[in-house]
Amino acid sequence: MVALGFSACSDDFLEEKKNYDATGEEIYNYYEGALGRINDLYGWCLPEVTAMNWRYPSVGDDDDAGKSTEEYAGFSQFVNPTIELSSLSGTEVPDYYENNAKNVQENPWGTIRNINNAIEGITKGSLSEENKNKLLGQAYFFRAWTYYKFVKWYGGVPIVDKVLDASAEAFVPRSSAEECIKFIVADLDRSAELLKPFTANGGWESSGDYGRITSGAALALKGRVLTLWCSPLFNRTGDVSRYQEAYQIMKNDLATIDACGYGLYGEGNPGTNGSTFASMFATTSKNPEMVFGTLYNTLVDFSGYADKVKNNRWERYIRPSNAGGSGKTPSKALIDLFPMADGKRPTTAQTYTHLDKSSFDYDERYPFLNRDPRFYRTFAFPGVRWAYSAGGNGDATEMNPQNPSYNGGKDYVLWNYVWFYGEGSFLDENNNSYRGADNLGSVSGMFVRKKTDDYDVNAPVYEYRPDGQGAKNGAEAVPFISCAPLMELRYAEVLLNLAEVACGAGDMAYAVQQLNRIRARAGYTAANNYGLQTSLNGNQAACMSAILYERQIEFAYEGKRFDDMRRWMLYDGGAVKVNGAPESWTLTGWGGNTCTWLGFKPMNGQRRERFIYRTADKYGKAADAAYDKDVLLAGGGVRPEGVNLMSSTLQDDLQALKAWYEENLVWMQRPGDGRNSDKTPQYINFLPKYYFLGIKSGVMSHNKGLLQTAGWEDYNNGGAMGTYDPFEETHYWNAE
């Protein structure tokens, strides 16, 4: 064993982790050995800051999930109108079912086998009952977590609860959705019960165990699973009893979740202009908001200990290029949809029509005026401070001398307007001859700012390495290496899941209480009813719409929106039938159309655009693209002092910024989603068969007994439509 020093903000129980995959039964007779196997499961199962794939859920990236929602423009494969995903050929459906059958570490069923091996080994071993319970509680959670990811995509999959022999006789057929949900819930209940003695008194006793699964984490995940089970995707008839049962269970479970030390971060102290909301994402000490998540470190030692290098790369993803990153461009659709300062939807919003419109007028050219406090912590725009460094951690000028220093980043102001050069009209959308101010290579009218490590809000938890010699992922140099935790399941979600099932059960008053808590943390007060309309208590559809709207805003760029849109069937309202699907798939609850019931404009048939700010006509164009030819500065224009989000006069400051825009910049809409070669706009088209994914032909070819999902071609049956119905216990039905 080699003793190493580690960053204080990393997960202690993973730092000493070795690879315990290949072990004998005797290891389970020793606590340290068995603990090593459990720690290994964390390495296999914890979510990561990366694009969505079979192993990891989306965390807010512009991946297939993000680009299927209002958060980003640009068609994902799920909403691209020019393709249809197939289980056989052409553009094949993503494989979240198997990934790589020949590599146990790259196969989700290998993860299940690994977990089952640990459960069996610990159960049969000679450890004390107390130590067994402590370890098994964590293993059962991860089995449930892995199955939850299966079920949300496929409806139902084979239930494997033991280590199987590698033989054809070990084949297990797909179970129904209900059987899978019950299996997941049973594992989570078992996990919660086993871990309760160790965690239901404020969490784990040892600070070195912070980040481990607790009884509360198990019950919180159970709440997410039950909310999914109640949703239209799985509850096509709108069975109210399902909501009522979930409501009572989740309401009772809240006491245990709270007893584990979880709660709203900063509740009772919203800070200045959403600063509390911002700071919770960079809190590395014990954070009551993080119910289930991944802790990171800032290690850079690659000498045989690559598994210990666990860096959060989100900061690098979202920072503009002149601060060492690449930048994320949000869709205009979500910017236009964020609530106004009174908590109501913008006057121009054509969706959530059951909810009141704002008393503030909305102007798309100046979207930063009079918005929900969370808006300013979610997006960055020209002229706003976005400080990124302290204590000599680095200077972007060292990485590229063309980048401005901004006092080593401590006074960084985002100036992302563009100036044109050469020939071509300002207004010609094909004229792409423009540069970003301050040598900004990643040009955008706004940038995603959510979950940033903001120097004006908290002491930085990243290290900025301008020489590019920071932590690496493969050959990728990472100038920003952060130990900011990834919160997969926040306490705010616990409350909003509970609000949703309460509303579905008919207790809108209790649901509104949870909305009030979330909005109070954002900065609203009882003086204006927390920005909510007073009719929610007596209007179930409006109340549910308010809950989904709140989720969309609170969890923006956290990877939750695509799951919400699928489970509420918000692309077509569930009104369009899957070709050849059984009658059980017909939506009869919610009036047969969830979008109509909610007052939500279906996503299908919409577009998402982008925009930029360009220099005003009076400044003309530059002769060439040299980085120092900013025509605004060369033409005598003067930039104002950056708007500080911690200002007590923020709205006045933003009005002054607007006046500067009017003098110096012009707002321009730019294409976001795709268009045809003749520039005809294309529109979102999420096919109804995508609500439950099919299984790729390669997987089917070596699983001869596996049934294909209805609506997808069955490789094992000559390409005929699949016969698996997740709502039927027998899994067979007569297509005629």
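**Helix packing in the predicted model**

Helix α5 and helix α6 (residues 215-230) pack at an angle of about 160°, their axes lying 7 Å apart; axes are lines fitted to C-alpha atoms over the stretch in contact, and angles run from 0 to 180 degrees between N-to-C directions. α5 is therefore roughly antiparallel to α6 (angle over 145 degrees). The model is predicted, with local features requiring pLDDT of at least 70 and side-chain atom pairs pLDDT 80 or more, while totals for chains, interfaces and linings use all residues. Residues are numbered from 1 along each chain, and side-chain values use heavy atoms, without hydrogens and water.

Residues of α5 that meet α6 include Ile181, Leu188 and Leu195, and their partners in α6 include Leu219, Val225 and Trp229 (contact: heavy atoms within 4.5 Å). By class, this contact of α5 with α6 has 13 nonpolar, 3 polar and 4 charged residues.

The axes of α4 (residues 129-154) and α5 (residues 177-199) come within 8 Å and cross at roughly 150°. α4 is thus roughly antiparallel to α5. The contact of α4 with α5 comprises 15 nonpolar, 4 polar and 5 charged residues.

Helix α14 (residues 508-522) has 15 residues, which at 1.5 Å a residue should span 21 Å; the end C-alpha atoms are 21 Å apart, in agreement. The expected span is 1.5 Å times one less than the number of residues. In α14, 11 of the 15 residues are buried (under 20% relative accessible area, 1.4 Å probe, protein chains only), among them Tyr510, Leu515 and Arg519. The buried residues of α14 pack against elements including α7 (240-259), β12 (486-490) and α15 (540-554). Just after α14, Gly523 adopts a positive phi of about 125°.

Definitions and conventions:
Helices (H or I, at least four residues) and strands (E, at least two) are DSSP runs, numbered from the N terminus. Buried means under 20% relative accessible area, exposed over 50%, partly exposed in between (1.4 Å probe, protein chains only). Angles under 35 degrees count as roughly parallel, over 145 as roughly antiparallel, 65 to 115 as roughly perpendicular and the rest as oblique. Ala, Val, Leu, Ile, Met, Phe, Trp, Tyr, Cys and Pro count as nonpolar, Asp, Glu, Lys and Arg as charged, and the others, Gly among them, as polar.
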